[in-house]
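Reader: I am new to this structure. Please show me how to read its features, one at a time.

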Amino acid sequence: MSGLLLMTFDDFFVPEWSAVRGLFREYGARVTFFVSEPYRIDDDGWKRLRELADDGHTVGAHGYRHLWAPDRIAALGGDGYLAEDVTPCLAALRAHGFEAACFAYPVSRRDERSDAVLGGVFPRLRGGARHPAEGGLDTVDEIFTPVAELAGRRVLIGAGIDTGKLFKPAGVDDASVRSALVRAAGRQEAVTFYAHAVADSHECNHVSPARLETVLAQAAELGLDVLGFDDLDRSAQTSWAERNSAGFFGALPTPLPHSR
């Protein structure tokens, strides 16, 4: 049984995600794209998102207007919040052929009540953890889940690995990110990461293509499978070894040989 990397991306940066489509294929990685503000996506963006989904990546929901779930539930109640920010997001995705079965909390704001409300709609949710004041991401226990317990874990917590914001460097360093991958491999755990746009420089939160490739290369080096959230939900009753030997995931991309 090997560890897992659950690499996820948030918001509406479809052109930037599509630009590294070949990188995912090169490393045999499946990831998850949590889409918010779908009205920002043009026809070409929807086409590109379909291409990513056809490659085997997961498309999830992240809110129609990227609203903070606990605050809106407190103001409107659960049904009111769903009607305001979740149902319209699902409708927009469905109109373009996507059935989202997972949800990521905007700005990682969640509580027990929001988990109960959104857990009635989605099989799996993703929240977020704060970066440690000292030490690497390997010290943040929340972002790790034993692989054997994944089937019953409905809320997964991720750590942000962006490298910049507002055209300036920001976020954790490479050593901290690697420490989490090493822990996941050594303890047969799933570690969850999130990022936003993929770019060397961007006005919004972003991870550089170099950081992303380093993460995927290190996951491959350490024997971590890189899977999307839908891969987990459709396989809850089967062991990882059984699924891999039986080809459960279908045409999982074969990593290409690389020279760097």
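Reader: Let me start with one residue. In which strand is Asp11 found?

Author: Keep in mind that this is a predicted model. Asp11 is found in strand β1, which covers residues 4-11.

Reader: What is there to read in the backbone of Asp11?

Author: The general idea comes first. Most residues other than glycine have a negative phi. Now the case here. Asp11 is not a glycine, yet its phi is positive, at about 95°.

Reader: Is Asp11 buried or exposed?

Author: The cut-off for buried is under 20% relative accessible area. Asp11 has 10% relative accessibility, so it counts as buried.

Reader: Where does His66 lie, and what is its phi?

Author: His66 lies in the loop between β3 (58-61) and α4. Its phi is near 60°, again a positive value in a residue other than glycine.

Reader: Let us step back. How many helices and strands are in the chain?

Author: The chain has nine helices and 13 strands.

Reader: What share of the chain is buried?

Author: The chain has 260 residues, and buried ones make up 53% of them.

Reader: And how far apart in sequence are the residues that touch?

Author: Take contacts in the chain between residues at least 6 apart in sequence. Of these, 75% join residues at least 24 apart.

Reader: Now the helices. How do I describe a packed pair?

Author: Two packed helices are described by the angle between their axes and the distance between the axes.

Reader: Which residues make the contact between α4 and α5?

Author: From α4 come Ala69, Pro70, Ile73, Ala74, Gly77, Gly78, Tyr81, Leu82 and Val86. From α5 come Arg113, Ser114, Val117 and Leu118. By class, that contact has nine nonpolar, three polar and one charged residues.

Reader: Let me try the next pair. At what angle do α6 and α7 cross?

Author: Helix α6 covers residues 174-187, and helix α7 covers residues 209-222. Their axes cross at roughly 25° and come within 10 Å. Therefore α6 and α7 are roughly parallel to each other.

Reader: Is the crossing of α6 and α7 left-handed or right-handed?

Author: α6 passes α7 in a right-handed crossing.

Reader: Which residues meet there?

Author: On the α6 side they are Asp174, Val177, Arg178, Leu181, Val182 and Ala185. They meet Arg211, Val215, Gln218, Ala219, Glu221 and Leu222 in α7. By class, the contact of α6 with α7 has seven nonpolar, one polar and four charged residues.

Reader: Now the loops. Where does Ser108 lie?

Author: Ser108 lies in the loop between β4 (102-104) and α5 (112-119). Its relative accessible area is 18%, so Ser108 is buried.

Reader: What does the side chain of Ser108 reach?

Author: It reaches the backbone nitrogen of Gly128, at 3.4 Å. Leaving aside neighbours within four places in sequence, Ser108 is in contact with Gly127, Gly128 and Tyr194.

Reader: One more serine. Where is Ser208, and is it buried or exposed?

Author: Ser208 lies in the loop between β12 (206-207) and α7. With a relative accessible area of 13%, Ser208 is buried.

Reader: Which residues does Ser208 contact, apart from neighbours within four places in sequence?

Author: Ser208 is in contact with Thr163, Ala199 and Asp200.

Terms used. Residues numbered from 1 in each chain as written. Predicted model: local features only at pLDDT ≥ 70, side-chain atom pairs only at ≥ 80, totals over all residues. Heavy atoms only, no water. Helix = DSSP H or I, 4+ residues; strand = E, 2+ residues; numbered from the N terminus. Buried < 20%, exposed > 50% of the residue type's maximum accessible area, 1.4 Å probe, protein only. Polar contact = N/O pair within 3.5 Å; in protein donor to acceptor, adjacent residues only side chain to side chain. Contact = heavy atoms within 4.5 Å. Axes fitted to C-alpha atoms, helices over the stretch in contact; angles between N-to-C directions. Parallel < 35°, antiparallel > 145°, perpendicular 65-115°, else oblique. Left-handed = near helix turned anticlockwise from the far one by under 90°. Nonpolar A, V, L, I, M, F, W, Y, C, P; charged D, E, K, R; others polar.
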